[in-house]
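Reader: I have a structure open and want to go through it piece by piece. Can you take my questions as they come?

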Amino acid sequence: MRLEINGWSSKITFSATHVIPTHAKCGRLHGHDYAINAIVEGEMGPDGVIMDFISVKEFLRGIAAELDHRVLIPAKDPGVRLSEHYVEYKVGDNELKLPRSDCILLDIGVTSAETLAGFVLMRMLEKVKFPTNVSRIEIGVDEGRGQGAWTGADL
Ligand SMILES: [Zn+2]
């Protein structure tokens, strides 16, 4: 059995700026409206539910709030350099210099929907205690409506 949480309907959304250096079009700074979706798979417990999905929604909303109205910076990209007040980010022939307070540093190498889904999944596995009847979690990050990347893990 599975629980599905649709990020758009549940307002687990954020707006953010990013750049993908290796892409022609996405190599320019641009933004998206994102949504975080989730699927929780497991056996229904004696109380008739898999788990209380309000806690999952609240957790995901917290992540969305962290990312909202920020520039997403892939901290593992060797072109990223940090100073006290700025993030300098070499993208192709350009060097972006962004106020550090406008950025969020993510422990990934590129800010694609695929890696953002992986980031959310890892964070969730670290921080959320799932009941033993839950067997699998999947996270999808949509970059605009109707297009997104999914990843998952068995528990
Ligand atoms: Zn993009």
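Author: What follows is a walk through a predicted model, from the overall layout down to single residues.

Reader: How many helices and strands are there in the protein?

Author: There are 2 helices and 10 strands. Read from the N terminus, the order is β-β-β-α-β-β-β-β-β-α-β-β.

Reader: What does the C-alpha trace span along its principal axes?

Author: About 60 × 30 × 25 Å.

Reader: And what percentage of the residues count as buried?

Author: 25% of the 155 residues. Of the contacts with a separation of 6 or more, 62% are between residues 24 or more positions apart.

Reader: Helices next. Which residues of α1 are buried?

Author: Val56, Leu60, Ala64 and Leu67. They sit on the same side of α1, because the arc they cover around the axis is only 75°.

Reader: Why would residues with that kind of spacing point the same way?

Author: An α-helix has 3.6 residues a turn, so residues three or four places apart point the same way.

Reader: What do the buried residues of α1 pack against?

Author: Against β1 (2–5), β2 (13–18), β3, β4 and β8. The face turned away from the buried side has exposed residues, namely Ile54, Ser55, Glu58, Gly62, Ala65 and Glu66.

Reader: What span should α1 have, at 1.5 Å a residue?

Author: Its 15 residues should span 21 Å, and the end C-alpha atoms are 21 Å apart, which agrees. After α1 comes His69, with a positive phi near 60°.

Reader: Now α2. How far does it reach from its first C-alpha to its last?

Author: Helix α2, residues 113–127, reaches 21 Å, close to the 21 Å expected for 15 residues at 1.5 Å a residue. Its buried residues are Ala113, Thr115, Leu116, Ala117, Phe119, Val120 and Leu121.

Reader: What covers those buried residues of α2?

Author: The cover includes β3 (30–42), α1 (53–67), β8 (103–106), β9 (134–143) and β10 (148–154).

Reader: Pick Val141. What does it touch, not counting residues up to four places away in sequence?

Author: Val141 touches Tyr34, Ile36, Ala113, Leu116, Ala117, Val120, Gly148 and Ala149. Ala117 and Val120 are also on the list of core residues that touch the most other members.

Reader: Different topic. Which strands make up the open sheet, and in what order?

Author: The 3 strands run in the order β5-β6-β7, with antiparallel pairing. β5 (80–82) and β7 (94–99) are at the edges with a single partner strand each, so one side of each has no neighbour in the sheet. The twist from one strand to the next averages 20°.

Reader: How many bridges join β6 to β7?

Author: 6 bridges, with β6 covering residues 86–91. One of the partners in β7 is Asn94, which bridges to Val91.

Reader: A few single residues. Is Leu72 buried or exposed?

Author: Leu72 is buried, because 23 other C-beta atoms lie within 10 Å and the cut-off is 20 or more. Leu72 belongs to strand β4, residues 70–74.

Reader: What is Leu72 in contact with, leaving aside neighbours within four places in sequence?

Author: Ala16, Thr17, His18, Leu67, Ile104, Leu106 and Thr111. The C-alpha atoms of Leu72 and Cys103 are 6.0 Å apart in space, although the two are 31 residues apart in sequence.

Reader: And Leu3, what does it touch beyond four places in sequence?

Author: Leu3 touches Ile39, Val40, Ile50 and Phe53. Leu3 is in strand β1 and is partly exposed, with 17 other C-beta atoms within 10 Å.

Reader: Last one. Where is Val128 found?

Author: In the loop between α2 and β9. Val128 counts as partly exposed, with 16 C-beta neighbours inside 10 Å. Leaving aside neighbours within four places in sequence, Val128 is in contact with Val56 and Phe59. Val56 is one of the buried residues of α1.

Conventions: Residues are numbered from 1 along each chain as its sequence is written. This is a predicted model: local features need pLDDT of at least 70, side-chain atom pairs count only at pLDDT 80 or more; totals for chains, interfaces and linings use all residues. Helices (H or I, at least four residues) and strands (E, at least two) are DSSP runs, numbered from the N terminus. A residue is buried if 20 or more other C-beta atoms lie within 10 Å of its own, exposed if 12 or fewer, and partly exposed in between; C-beta atoms are placed from the backbone. Two residues are in contact if their C-beta atoms, placed from the backbone, lie within 7 Å. The expected span of a helix is 1.5 Å times one less than its number of residues. Two strands pair if DSSP finds at least two bridges between them. Axes are lines fitted to C-alpha atoms, for helices over the stretch in contact, and angles run from 0 to 180 degrees between N-to-C directions. The arc is that of the directions from the helix axis to the C-beta atoms. A nonpolar core is a set of buried Ala, Val, Leu, Ile, Met, Phe, Trp, Tyr and Cys residues joined through C-beta atoms within 7 Å.
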